[in-house]
Amino acid sequence: MTIHSILLYLDFDQDESYTPQKLHLRAGSHWQDLQQIMSFEFLEPKGWVTLPVSENGSCIRAHMIQVVSTQNHQSGRDVHVRQARALGPRECTLSYDPLSNFTSDEFKALSSIR
């Protein structure tokens, strides 16, 4: 699977000490060969937080992604992540786009599925 970035929904206002402060992102083909690819540090995050899988914005290929919390705010012991998403690269596989004739803003907003 090709992965471009990971999105996490964190809320310091509601979770306080349960909010992660330091995260590590690991990727591999199975649990025995996971390699740490990125590290992140947050200061009271609120809302969607984007975790890119590489520094230059490129994608990686992996079958397993592991997000590890190594430190929480206020030395908390458990972690609350309200929602998580893994995003792949945007690609257009159609050489001819039959929807290109439509020009309304409402239709353009709903014309593609990611």
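Guide: E44 sits in the loop between β4 (35-41) and β5, where strands are DSSP E runs of at least two residues and helices are H or I runs of at least four, both numbered from the N terminus. This is a predicted model, in which local features need pLDDT of at least 70 and side-chain atom pairs count only at pLDDT 80 or more, while totals for chains, interfaces and linings use all residues. Residues are numbered from 1 along each chain as its sequence is written, and side-chain values use heavy atoms, leaving out hydrogens and water.

Visitor: What makes the phi of E44 worth a remark?

Guide: E44 is not a glycine, yet its phi is positive, about 50°. Most residues other than glycine have a negative phi.

Visitor: Why is E44 called partly exposed?

Guide: Buried means under 20% relative accessible area, exposed means over 50%, and partly exposed lies in between (1.4 Å probe, protein chains only). E44 has 48%, so it counts as partly exposed.

Visitor: Are K46 and D11 buried or exposed?

Guide: K46 is exposed at 55% relative accessibility, whereas D11 is buried at 4%.

Visitor: What makes D11, D13 and K46 one network?

Guide: The side chains of D13 and K46 also meet in a salt bridge, at 3.4 Å from N to O. Salt bridges that share partners therefore join D11, D13 and K46 into one network.

Visitor: Why is the contact between the side chains of D15 and R82 called polar?

Guide: A polar contact needs a pair of N or O atoms within 3.5 Å; within protein, one must be able to donate a hydrogen and the other to accept it, and residues adjacent in sequence count only if both atoms are side-chain atoms. The side chains of D15 and R82 make such a contact at 2.7 Å. They also meet in a salt bridge, 2.7 Å from N to O. D15 is in helix α1 and R82 is in the loop between β7 (64-72) and β8, 67 residues apart.

Notes:
Salt bridge = Lys/Arg side-chain N within 4 Å of Asp/Glu carboxyl O.
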